Amino acid sequence: MARDFVYVEELGEHVGERVTLKGWLSRKRSSGKVKFLVLRDGTGLLQCVAFVRDTSAELFERCDRIPLESSIAVAGRVRRDDRAPGGFELGIEDLRVLHEAAEFPIQPKEHGVEFLFDHRHLHLRSRTPHAILRVRSEVVRACRDFFHERRFVLIDSPVLTPAACEGTTTLFETDYFGRKAYLTQSGQLYLEPACMAFGRVYCMGPTFRAEKSKTRRHLTEFWMIEPEVAFLEFPGLLELAEEFVSYVVARALDVCREDLKVLDRDTSKLESVRPPFPRLPYDEAARLLTTPESQARMAAAGAPPFAAGNDFGAFDETLLTESADRPVMVTHWPAAIKAFYMQPDEADPSRALCVDVLAPEGYGEIIGGSERIHDHDLLLGRIREHGLPVEAFQWYLDIRKYGTVPHSGFGMGVERCVTWICGVPHLRDAIPYPRQIHRLYP
RNA sequence: UCCUGAGUAGCUCAGUCGGUAGAGCAGGUGGCUGUUAACCACCGGGUCGCAGGUUCGAGUCCUGCCUCAGGAGCCA
């Protein structure tokens, strides 16, 4: 890719040279006989300086008239200067305005949530969203690298599907040439057949839930990465999950130091994320949550009390992970409150061979996974018990008729993971254009 | 869907007892030789979410609606 300019991130190689940079005017300050223009080019910020003595009167005066966020090309000599943010600055010798911006709505000050997300297309230029989305980019790359390094094959699952995977209440419905179609909730059902063809597979894509959730942990459109492995049984699944999460966190620490610093992330909390993760059987977790102390703390926090046999609430998840320095794997949930396709535990068939991986620091569930039922008749019974239409699942049942084998997989919510790694409070910050119950714009 | 709170200048907010609209930032003009969300002075800027009601008079009190935020449930 030929170019006639350099990026801010490359300036270290050009000290003392005359270079051209292209970008946007992110800030300006002036002090009578000296003007500072801060250029932003996507790779960093650069303070460009014009002294009245060293600059033509016309250029010096013109510096003041450039509206913020105008696109500009600046030429000049690069020098080290400790007074400059970033350690380098540019002595302006020439400056061209490529496009003069209209008044930019976002200021370097506090804004409300609604205003910022109404202007998300412009908000992406700001420091915090920029840092988070760079971390997201690296997290996604790490996810793919992890599976490709282990010889997994990418099998993309369809977004438009004919039936629900898990229930019918939370699906987005759309018209498909006169028939009903639904936006996918999970690629899992399509991955299971694929792992019988390729052994180790994964998919990654957007998934959709029409839940009317209004919390910091929910989006209606979010990205999920899901591996599925033939002949993988439950203990191996747990190992895969902890190795995967550890790999992704290690990559973020390795590659995204600067971005995490911008976000003020306490990275010491991530350094300890290494296998093995603690295994916490559901019954043990339930015991911890029903102690008088725990119940008292729930009441004090205004959280609903936990009762054994139920799913965990947000406060319950925080309690279970508060003393852990890495994610906690809650296993062996009551089959009754989990999905129909989960393999029952031989030792106690009322429990499923499944796992929820809970991130520490109150970030909640980032992974849900299980060994899948591989026996045809058992699966058929479960489909009926859950009141699901057997015809719609005929293809899924087929897998159990032609050389069925034990197999396992999980799904990780990309935004949940990025939110945790970045240490930001809300899931909507971890996706470029969030889709929420009240947000479909921009 | 439920609970709680909020809606006033482009943005973030203040507005007392019901008495006729304020600040900071942004924008404009001028000043300043090293600024770091610079600073100083001056200027312009309002359908007080919408619709009713009470009142001599409503940003303020009442009713309904709308929008948003925080939380719950559900989930990744």
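This section describes the sheets, the helices packed on them, and selected loop residues in a predicted model.

Val-330 has Asp-356 of β14 as its bridge partner.

Two helices lie across part of the sheet. The buried residues of α5 are Gln-188, Leu-189, Leu-191, Glu-192, Ala-194 and Cys-195. These buried residues pack against β10, β11 and β16, and also against α13 (394-398). In an α-helix there are 3.6 residues a turn, so residues three or four places apart point the same way. After α5 comes Gly-199, with a positive phi near 85°.

A further set of pairings involves β1 (residues 18-30). This strand pairs with β4 (residues 71-80) in the antiparallel sense over seven bridges, and Gly-23 is placed opposite Ile-72 of β4. β1 also pairs with β2 (residues 34-40), again in the antiparallel sense, over six bridges; here Arg-27 has Val-38 of β2 as its bridge partner. Three residues separate the strands in the hairpin of β1 and β2, where Gly-32 has a positive phi near 80°.

Helix-helix packing was examined for α6 (residues 234-255) and α14 (residues 414-422), whose axes come within 11 Å and cross at roughly 50°. The two helices are therefore oblique to each other, and the crossing is right-handed. Val-245, Val-248, Val-249 and Ala-252 of α6 make the contact with Cys-417, Trp-420 and Ile-421 of α14. Of the residues in this contact, seven are nonpolar, none is polar and none is charged.

Several loop residues have backbone geometry of note. Most residues other than glycine have a negative phi, and most peptide bonds are trans. Arg-151, in the loop between α4 and β6, has a positive phi near 65°. Its relative accessibility is 64%, above the 50% cut-off, so Arg-151 counts as exposed. Asp-264, in the loop between α7 (257-262) and α8, likewise has a positive phi, of about 60°; at 70% relative accessibility, Asp-264 is also classed as exposed. The peptide bond from Pro-275 to Pro-276 is cis, with omega near 0°, and Pro-276 belongs to the loop between α8 (268-271) and β12. Another cis peptide bond links Tyr-441 to Pro-442, with omega about 0°; Pro-442 lies in the segment after α14.

Pro-162 is located in the loop between β7 (160-161) and β8 (173-176), and counts as exposed at 61% relative accessibility. Residues up to four places away in sequence aside, Pro-162 touches Tyr-182 and Tyr-190. The C-alpha atoms of Pro-162 and Thr-184 are separated by 9.1 Å, with the two residues 22 apart along the chain.

Key
Residues numbered from 1 in each chain as written. Chains lettered and ligands numbered in written order. Predicted model: local features only at pLDDT ≥ 70, side-chain atom pairs only at ≥ 80, totals over all residues. Heavy atoms only, no water. Axes fitted to C-alpha atoms, helices over the stretch in contact; angles between N-to-C directions. Helix = DSSP H or I, 4+ residues; strand = E, 2+ residues; numbered from the N terminus. Parallel < 35°, antiparallel > 145°, perpendicular 65-115°, else oblique. Left-handed = near helix turned anticlockwise from the far one by under 90°. Contact = heavy atoms within 4.5 Å. Nonpolar A, V, L, I, M, F, W, Y, C, P; charged D, E, K, R; others polar. Pairing = 2+ DSSP bridges. Buried < 20%, exposed > 50% of the residue type's maximum accessible area, 1.4 Å probe, protein only.
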